[in-house]
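Please read the following explanation alongside the sequence and the three-dimensional view. It is intended for a reader meeting this structure for the first time.

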Amino acid sequence: MLDKLAIVTTFLIATASSVAAMPIRTVYENDANSKAIELKVWKGYGLTINLMSTGETIKQVWIGDPSRFAFTSNGGLCQSSGGDSNCTGGKATVIFLRQIDPMDFPVTSSSNGSTQITVLTNEKQYQFKIVPATGNPTYTSLVIKSDSERPLPIPRPRTPQPLTVQKPQSAPSVMHEPIAGGFYEKITSNGKKVFDSSYKNAIATN
């Protein structure tokens, strides 16, 4: 009895771990609205589209080719024939998509079984391309988050610039030219003459 209980417990733990490890794909509102996002729906796993983080509620859902996919939601949706886009019945925040065996349906199907799903909320409209897939899924849930939750970009560290040391400029050379009366003119290197009496004073003291 104890051995059976241990086996059952081990199985439950392994199952819970595999469920918890199911990968999630995250997009933000503006990206989901402006970019053509392709979603894969793996056979035997399905895909959830989760709008809880945005605070929006799902009003209606349409699938272009319903011969390969079916969906359910975690709350009521508005009646498609009601003509009331502001109905109060739409309370869903998550929809679950799954593959079904292809049915004969009066629509033209694509060669790979892909189609479009439209999700109408109380604030905006989302459109995704959904494609059937097989094998191990790379994600089983699409989480749409508010743009306010988008992480800020990490600033790149600035490369320090090498310090440049300027050499002190030497004083321009000065030539002295005598003039009448013992006074001198200073002729600078750029050819400018400046009156200078310092040499006269120096001569007078000698």
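The paragraphs below turn to a sheet, to one residue within a strand, and then to aromatic rings.

The model is a predicted one. In it, five strands make up an open sheet of mixed pairing, arranged in the order β1-β9-β3-β6-β5. From one strand to the next, the twist averages 20°.

Within this sheet, strand β3 (residues 47–50) pairs with strand β9 (residues 141–145) in the parallel sense, over three bridges. Ile49 has Leu142 in β9 as its bridge partner. Strand β9 also contains Ser141, which counts as buried because its relative accessibility is 12%, and the cut-off for buried is under 20%. The side chains of Ser141 and Thr48 are joined by a polar contact of 2.8 Å. Beyond its neighbours within four places in sequence, Ser141 is in contact with residues including Pro23, Ile24 and Arg25.

The whole structure holds two aromatic pairs. In one, the ring centres of Trp42 and Tyr139 are 5.2 Å apart and the planes stand at 90°, so the pair is edge-to-face. Trp42 belongs to strand β2 (residues 37–42) and Tyr139 to the loop between β8 (125–133) and β9, so the pair ties together parts 97 residues apart in sequence. Trp42 and Tyr139 are both buried. The rings of Tyr126 and Phe128 have centres 6.3 Å apart and planes at 5°, so this pair is stacked. Tyr126 is buried, at a relative accessible area of 1%, and Phe128 is buried at 2%.

Finally, the charged end of Arg25 sits over the ring of Tyr139, 5.4 Å from the ring centre.

Key
Residues are numbered from 1 along each chain as its sequence is written. This is a predicted model: local features need pLDDT of at least 70, side-chain atom pairs count only at pLDDT 80 or more; totals for chains, interfaces and linings use all residues. Side-chain values use heavy atoms; hydrogens and water are left out. Two strands pair if DSSP finds at least two bridges between them. Helices (H or I, at least four residues) and strands (E, at least two) are DSSP runs, numbered from the N terminus. Axes are lines fitted to C-alpha atoms, for helices over the stretch in contact, and angles run from 0 to 180 degrees between N-to-C directions. Buried means under 20% relative accessible area, exposed over 50%, partly exposed in between (1.4 Å probe, protein chains only). A polar contact is a pair of N or O atoms within 3.5 Å; within protein, one must be able to donate a hydrogen and the other to accept it, and residues adjacent in sequence count only if both atoms are side-chain atoms. Contact means heavy atoms within 4.5 Å. Rings of Phe, Tyr and Trp (its six-membered ring) pair if their centres lie within 6.5 Å; planes under 30 degrees apart count as stacked, over 60 as edge-to-face and the rest as tilted. A charge sits over a ring if NZ of Lys or CZ of Arg is within 6 Å of the ring centre and within 35 degrees of the ring normal.
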